[in-house]
Amino acid sequence: IDGAAPSYALVGSADDSLFTINPSTGELSFVNAPDFENPTDAGSKSIDNLSVQVSDGRGAQVTHALEVRVDDVNETPSLTAVNLTSSEGFVGDIGSLIMTDPDVDDQLTLSIVGGDAQAFFSVDPSSGTVSQESSVAPGLYTLQVQLHDANGMSTTATLLIRIDAVQPSLGAANSANSTSSN
């Protein structure tokens with residue numbers, strides 16, 4: 001194109017609405033950040049097909065087909081920390097953590113990495129089930145857990161675990177002390 005400064009426009013492609021183009025520089029930008037796992041392009045394949053038209057302001061113009069490929073990147077998994085409650089003297093499962101990863105088929109592994117309750121609790125590395133392994137005195141405890149994906153990304157969360165005191169049953173104490181006279 002000869003002549004005045006060129007101007008750029010997106011023309012006539014199904015994926016044009018996903019982009020903006022600077023009419024002076026031709027810089028192409030996504031309207032919204034793309035997500036490989038949830039493509040919004042016309043073919044739903046993370047391949048955007050565009051037509052860019054360049055005009056010189058004097059009537060000359062040329063149109064080029066352009067293909068933009070969205071590559072998959074490893075994204076950080078997420079871990080929903082929950083506050084858990086158990087009872088003094090209880091041993092067993094007390095809850096589960098919610099583990100997610102936007103990467104399809106990414107293997108997740110959970111581990112305990114800190115907190116004042118490491119000796120009393122465990123987490124299943126695959127399911128996220130939190131278990132109380134031994135009797136614990138009433139109080140508030142913390143457990144720091146880390147979630148890893150198979151590609152090296154991780155996130156950490158701190159759980160609060162409240163252990164409630166068990167109140168003795170008064171009915172049992174009263175019946176043991178009662179006597180009958182005839």
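These exercises work through the predicted model from overall shape down to single residues.

The model is predicted, so local features need pLDDT of at least 70, side-chain atom pairs count only at pLDDT 80 or more, and totals for chains, interfaces and linings use all residues. Residues are numbered from 1 along each chain as its sequence is written, and side-chain values use heavy atoms, with hydrogens and water left out.

**Exercise 1. Overall shape**

Task: Compare the radius of gyration of the protein with that of a compact globule of 182 residues.

Solution: 
- Step 1. Apply the rule. A compact globule of 182 residues would come out near 16 Å, but the protein has 31 Å.
- Step 2. Look at the axes. The C-alpha trace spans about 120 × 35 × 25 Å along its principal axes.
- Step 3. The protein holds 1 helix and 14 strands. Helices (H or I, at least four residues) and strands (E, at least two) are DSSP runs, numbered from the N terminus.
- Step 4. Check burial. Of the 182 residues, 28% are buried. Buried means under 20% relative accessible area, exposed over 50%, and partly exposed in between (1.4 Å probe, protein chains only).
- Step 5. Check contacts, meaning heavy atoms within 4.5 Å. Among contacts with a separation of 6 or more, 58% join residues 24 or more positions apart.

**Exercise 2. The nonpolar core**

Task: Find which residues have the most contacts inside the largest nonpolar core, then examine Leu 143 and Leu 79.

Solution: 
- Step 1. Define the set. A nonpolar core joins buried Ala, Val, Leu, Ile, Met, Phe, Trp, Tyr and Cys residues through side-chain atoms within 4.5 Å.
- Step 2. Read off the members. The largest core has 20 residues, and Leu 79, Leu 110, Phe 121, Leu 143 and Val 145 have the most contacts inside it.
- Step 3. Assign strands. S10 (108-114), S11 (121-123), S13 (139-149) and S14 (154-164) each supply at least two residues of this core.
- Step 4. Take Leu 143. This residue sits in strand S13. Leu 143 counts as buried because its relative accessibility is 0%. Beyond four places in sequence, its partners include Ile 112, Phe 121, Val 123, Leu 159 and Ile 161.
- Step 5. Leu 143 and Arg 58 are 85 residues apart along the chain, with 70 Å between their C-alpha atoms.
- Step 6. Take Leu 79. Beyond four places in sequence, its contacts include Leu 97, Met 99, Leu 110, Val 145 and Ala 157.
- Step 7. In soluble globular proteins, nonpolar side chains tend to be buried together.

**Exercise 3. The largest pocket**

Task: Give the volume of the largest pocket and sort the residues of its lining.

Solution: 
- Step 1. Define the pocket. On a 1 Å grid over the protein atoms alone, where a 1.4 Å probe fits, a pocket is an open set with protein on both sides within 12 Å along at least five of seven lines. Lining residues have an atom within 4 Å of a point.
- Step 2. State the volume, which is the space filled by probe spheres set on the points. The largest pocket has about 190 Å³.
- Step 3. Name the centre. Of its 15 lining residues, Leu 18, Asn 32, Pro 34, Asp 35 and Thr 40 are the closest to the centre.
- Step 4. Sort the lining. The residues divide into 7 nonpolar, 5 polar and 3 charged. Here Ala, Val, Leu, Ile, Met, Phe, Trp, Tyr, Cys and Pro count as nonpolar, Asp, Glu, Lys and Arg as charged, and the others, Gly among them, as polar.

Note on methods: The radius of gyration is taken over C-alpha atoms; the globule rule is 2.2 Å times the number of residues to the power 0.38.
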